[in-house]
Amino acid sequence: MSFDGGYDYRPRPRRRGKSDDPRFRREWSGPGPDKRDPELLGSLLPQVVRKNGWTRKVADASVFGRWEAIVGPEIAGHCRPEQLEHGELLVVAESTAWATQLRLFSRQIHAKLAAALGPSVVKRLKIVGPKQPTRSYGPRRVRFNGSRDTF
């Protein structure tokens, strides 16, 4: 303390310890961005996908996740992607009429898929109607050719 009753501003003697050792010296970042700040998961995910070789699997899965955004809500409301194997996408329509309509627009649908995902993800479209119920009941059945309308 000084004689006038105020605070003595002389620096205190420093002790030698961990804070003087460069291995333990802390760097304070302050209010700005720093290399030690946490990163967003969205910015790290593409690096992890590339590093692990999952690029093809992610592209294949994005067909199913982004179906409505790629083909539009009108088409997506009447069909759904079922399976993607070796570049062939199986699309199941809600009715045979919609399956026929989608086959007419298959070039435009394929162009939209190629623009959104790349040309190598979906190479071929296979559009089918809904699965019909079978008329075979029980363990024994008679096999016959011809239409089922002629009884």
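Trainee: Where does the model come from, and how are things numbered?

Mentor: This is a predicted model, where local features need pLDDT of at least 70, side-chain atom pairs count only at pLDDT 80 or more, and totals for chains, interfaces and linings use all residues. Residues are numbered from 1 along each chain as its sequence is written, and side-chain values use heavy atoms, with hydrogens and water left out.

Trainee: OK, what's the overall layout?

Mentor: The chain has six helices and three strands. Reading from the N terminus, the order is α-α-α-α-β-β-α-α-β.

Trainee: Back to that bridge. In which sense do β2 and β3 pair?

Mentor: Parallel, over five bridges.

Trainee: And which side chains of β3 are buried?

Mentor: L125 and I127, which point to one face of the strand (residues 124-128). The cut-offs are under 20% relative accessible area for buried, over 50% for exposed and partly exposed in between, with a 1.4 Å probe and protein chains only.

Trainee: How much of the chain counts as buried?

Mentor: 20% of its 151 residues.

Trainee: Switching to helices. Which residues are buried in α2?

Mentor: A59, S62 and V63 are buried there. Looking down the axis of α2, the buried residues fall within an arc of 110 degrees, so they line one face of the helix. That arc is taken from the directions from the helix axis to the C-beta atoms.

Trainee: What's on the other side of α2?

Mentor: K57 and G65, both exposed.

Trainee: And what covers the buried residues of α2?

Mentor: The cover includes α3 (67-71), β1 (79-85), β2 (88-93) and α6.

Trainee: Why does S62 count as buried?

Mentor: Because its relative accessibility is 16%. Leaving aside neighbours within four places in sequence, S62 is in contact with W67 and L117. Contact means heavy atoms within 4.5 Å.

Trainee: Next, how do the axes of α5 and α6 cross?

Mentor: The axes of α5 (residues 96-104) and α6 (residues 106-117) come within 4 Å and cross at roughly 65 degrees. That makes α5 roughly perpendicular to α6. Angles under 35 degrees count as roughly parallel, over 145 as roughly antiparallel, 65 to 115 as roughly perpendicular and the rest as oblique. Axes are lines fitted to C-alpha atoms, for helices over the stretch in contact, and angles run from 0 to 180 degrees between N-to-C directions.

Trainee: Which residues make that contact?

Mentor: L102, R103 and L104 from α5, with S106, Q108 and I109 from α6.

Trainee: Last one: where does H86 lie?

Mentor: In the loop between β1 and β2. H86 counts as exposed, at 80% relative accessibility. Its phi is near 55 degrees, a positive value in a residue other than glycine.

How values were computed
Helix = DSSP H or I, 4+ residues; strand = E, 2+ residues; numbered from the N terminus. Pairing = 2+ DSSP bridges.
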